[in-house]
Each structure stands twice: as C-alpha cells, then as structure tokens.
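Hi everyone, thanks for coming. Let's have a look at this one together on the screen.

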Amino acid sequence: MSGGDEVDAIVLAAGQGDRLGLGPKAWLVLGGRTLLERAVATMRLVADRVIVGVAAADLDRARALCGGEADVVPGGATHRETMLAAFRVGSAPL
C-alpha cells in the first residue's frame, strides 16, 4: 500500500455461529475455501496487516490456515473482548 499510514484490518472469527446453526462461521466452506480464508484474502487487498481474533481452542487451526497472511490472536468470552484483543496487537493507539 502507498501513503504515509499503514492500515490494519481486523477479522473477528471467534463466534460459535449459534444464530446460523451450522457451527462457527469461520470454518464453513464455500467454494472450496473457508469463510475465514476468504475474509483474510479480501482484507489483504486493502490492508497492510490483518489481525484475526479466534476462539482460544481454534488458535492452532487458524494460524495454520492463515499462514503468514495474518496475525492470529486468542479472542475473549465476548465479541467485545475479542475485538479488544485484536486492537491491542494493532498499530493504532487505543
């Protein structure tokens, strides 16, 4: 990316997918790729860095899936806690 400021993108993927009823949406496969893979690839088009917040139990799985394309961090018990965990590793001041 060009310009003076770097852009961080945050992908929140720690939910359980209760409303959808098919399990965590991050792991659903659409056209041969998980929704998490699709979200990270899309954010890489517009951001210098992608930070992904996932459930602690999914850390290894998400890191393997994202490779070097994203920084994967453990989320919290709530949406807000996961968002804050991702913000903490970002480059913008809190």
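T34 counts as buried because its relative accessibility is 9%, where buried means under 20% relative accessible area, with a 1.4 Å probe and protein chains only. You will find T34 in strand β3, residues 33-34; strands here are DSSP runs of E with at least two residues, and helices are runs of H or I with at least four, numbered from the N terminus. Leaving out residues up to four places away in sequence, T34 touches A26, W27, L28, V29 and L65, contact being heavy atoms within 4.5 Å.

A word on the source: this is a predicted model, where local features need pLDDT of at least 70 and side-chain atom pairs pLDDT 80 or more, while totals for chains, interfaces and linings use all residues. Residues are numbered from 1 along each chain as its sequence is written, and side-chain values use heavy atoms, without hydrogens and water.

Now, which residues make the contact between α1 and α2? Helix α1 (residues 35-44) packs on helix α2 (residues 59-66) at about 50°, with the axes 10 Å apart. From α1 come L36, E37 and V40, and from α2 come A62, L65 and C66.

Let's finish with the core. The largest nonpolar core has 16 residues, and those touching the most other members are L36, V40, V50, V52, V54, C66 and V72; such a core is a set of buried Ala, Val, Leu, Ile, Met, Phe, Trp, Tyr and Cys residues joined through side-chain atoms within 4.5 Å. At least two of its residues come from each of β1 (8-13), α1, β4 (49-54) and α2. Not counting residues up to four places away in sequence, C66 touches L36, V40, V52 and V72.

Methods. Axes fitted to C-alpha atoms, helices over the stretch in contact; angles between N-to-C directions. Buried < 20%, exposed > 50% of the residue type's maximum accessible area, 1.4 Å probe, protein only.
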